[in-house]
Amino acid sequence: MPTSSRSIRRRTVVGTALALSVSLVLAACGGGDDESSSAPVQAVSQADIDKAMTTPTELTFWTWVPDISKEVALFEKKYPAIKVKVVNAGQGEPQYTKLRTALKAGSGAPDAAQIEFQYIPTFSITKSLVDLRPYGADALKDKFVDWTWNQVKGAGGEVWAIPQDTGPMGMLYREDIFAKHGITVPKTWDEFAAAARKLHAADPKVSMTNLASNQNGVWMGLLWQAGVKPFEVTGADSVNVNLNDENSKKLGTYWNGLIKEGAVSSDPDFTDQWFQALNRGQYATWLTAAWGPVFLTGSAKSTSGKWRAAPLPQWDASKQVSGNWGGSTTAVVAGTKNPIAAAKLAEFLNTDTESTKMFANQQFLFPATKALLTDPAFVQQKPAFYGGQTVNQIFADISGTVDTNFQWPPFLDQAVNDWDETVGKSFADKSDTGAALDQWQSRITTYAQNQGFKVGP
Amino acid sequence: MKTDSPRPVRRVRRGASSANPAATGYLFVAPFLLVFVAMLVLPLGYAAYLSLFQDRLVGGTVFSGLDNYVTALQDDRLIESVLRMARFFVIQVPTMLAIALLAALAIDSGLLRFAKVFRLGIFLPYAVPSVVATLMWGYLYGPDFGPFAQLADKVGTAAPAFLSDGWMLGSMANIVTWEFVGYNMIILYAALRAVPHELYEAAAVDGAGAWRTAWSIKIPAIRPALVLCLIFSVIGTFQLFAEPNLLQRLAPSVIDSAYTPNLYAYTLAFTGQQVNYAAAVSFLLGLVIVIASYTVLFVTNRRSRA
């Protein structure tokens, strides 16, 4: 079930940068997205599209969404001439490695592929994705939540992919633990810290939450929420890297402090130990994404009925803001001989009413479309695991508060790798996170310069 | 007459073998040569070629001469990883070879009851793929559910943190030793079997006991085999990859991407997309191995002469 969750855990966090860059550049130009994006693009004519969709074609589609053949079957039913070969080439990183190899080799690449938000800039900079504007992608903008559309847009107004599922971040908490220690649901991070200390004093075996030292995704989501702009693509060959500014340091000090006091743990996540801890009630909360509730239902069965969902605590009590962790898109891979059919596949899977409903209700992907996020059949579900709370409604509301201007770097793997070895390590070792942030900044700056980027701020 | 008749036959034979002995030889070697060239020489040449370029995200591929090598020689992370492996070598290899030698001597001594069982038992870990071995030891080392930890818990103490910064190199050395003792033991044992028995008899006549025979006859006699094991170990040590790569998952904050030189090259190529730089690093690593192997040979040869 956790298609997105696992991928997310890997590095989903980082995916969203693209969209940001786009919107920033556009904003700087003073124009709306629409003008700049539509101007230079030669649209494919309807006649060409009709012809392509009735010519017998076989598409190859790489994705790791389980049972996606159900949705693909709907597409094939609508366009009987098109056959889609679904290939699971690995989840996240392994698939990306294969994709890169195939693209370098010049053969064996699929027509369409699942790409997580955070990876879009990493693939678009190597010209591995097809701009979908000529195939009518611009017209799909209004179907999607604003921030998700920003995530798939490129600096030049390109549309690199169609959003499939998302992971706006919230907080799952153990109502029984909170009640036992008289803790009210924290609305701000200050309240959260106070609750963490109170809980630690009352029961040192239970930590308020676990900030995984191997999970860059959560860190990026928390930066996103705090309004930090770690990466900004400012042009085709320039990027701003802000990994250790005042706001990042504030976040670093906050978490580092709680970890040092023992009020928050820093175990690696999605490990045996972590699952055990969730089941045994050693974490009072899990700061997670919208795919988290379903994931938890499957992996912490023994705690059914004890969990509730709430938005993330806030830095500014007067504003509700969140970040995103995880989620995927469907992109068309450069070099395909069937760009029209592949683009229509990406469009159909992620916009067709029946297909998107299936994703939400059978594969439990958290939707990216406005239609589903307001669909009573979806948001009014009352899972018993959460004591009948309308969890989807809570996360649907959170999705509306996700900052729209967060960007991912065009070299995500390196950013995550270096985070693991600096900032993540400082959580694990309880060492100075501030110094680690400086180190992260300097490593990435060096890397980006070696890759030929002009590095700002 | 008698002497005449065999002559032509002989001549024919001689003619056939002398006509193209080289061609026949090459024909026999051809299957090996083909694979050798296709699988080793060509890839090596290609890697050497790659290492002279830089492929950047911005600007594409440019010829950069020896720039990659210059960068690598100043790369603190690479140097640190090579030094770490040197330290590993100094601890692990003597231990492993000592155990292998003892086991080989013990089995060869003829004093063991179930020599064949011992031989197979010690060799067996070598048949376990290193990935499986690492996963198994990783579980044994586990701080919460590992048997060592549970045992220590029962006794009322704490097991050492095998996967912590201070212990990691030792823990890894233990895994590698476990895996390769049997392999080295077999090489040494085979060499021992080849020692002429007259030497032992002579030693016995001179009044040497089992220990004295082992020390003064057997060990000197298998010195070439020991040197061979040592060189294999040099190569193996500097190419360590599977063990740290898997243990990284268990201790991500201890083993970073440059823990061993090979791991670093892998990370550069597949995480940082710096294939060219990774090629240069790999070549330098090859150079380090050649130098280290040569040093071992040089030192042992000199000693044997002296």
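A polar contact is a pair of N or O atoms within 3.5 Å; within protein, one must be able to donate a hydrogen and the other to accept it, and residues adjacent in sequence count only if both atoms are side-chain atoms. The model is predicted: local features need pLDDT of at least 70, side-chain atom pairs count only at pLDDT 80 or more, and totals for chains, interfaces and linings use all residues. Residues are numbered from 1 along each chain as its sequence is written, chains are lettered from A and ligands numbered from 1 in the order in which they are written, and side-chain values use heavy atoms, with hydrogens and water left out.

**View 1. Domain 1 and domain 2 of chain A meet at an interface.** Domain 1 covers 46-166 + 327-367, and domain 2 covers 169-325 + 383-455. These bounds come from an automatic or database domain assignment. The C-alpha centres of the two domains lie 29 Å apart. In domain 1, 16 residues are in contact with 22 residues of domain 2 (contact means heavy atoms within 4.5 Å). About 1700 Å² is buried between the domains, and carbon and sulfur atoms give 61% of this area. Buried area is the accessible area (1.4 Å probe) that two parts lose on being put together, summed over both.

**View 2. Polar pairs and a salt bridge link the two domains of chain A.** The rule finds seven residue pairs in polar contact across the interface, both at pLDDT 80 or more. The count of salt bridges between the domains is one. A salt bridge is a side-chain nitrogen of Lys or Arg within 4 Å of a carboxyl oxygen of Asp or Glu. Arg100(A) forms a salt bridge with Asp413(A); their closest N and O atoms are 3.0 Å apart.

**View 3. Arg133(A) sits in a loop of chain A.** The loop runs between helix 7 (120-124) and helix 8 (146-152). Helices (H or I, at least four residues) and strands (E, at least two) are DSSP runs, numbered from the N terminus. Arg133(A) is buried, with a relative accessible area of 9%. Buried means under 20% relative accessible area, exposed over 50%, partly exposed in between (1.4 Å probe, protein chains only). A polar atom of the Arg133(A) side chain lies 3.5 Å from the backbone oxygen of Gly157(A).

**View 4. Helix 19 of chain A is largely enclosed by the rest of the structure.** Why? Seven of its nine residues (391-399) are buried. Among them are Val391(A), Ile394(A), Phe395(A) and Ile398(A).

**View 5. Ala127(B) lies in helix 5 (residues 115-127) of chain B.** Ala127(B) is exposed, with a relative accessible area of 55%.
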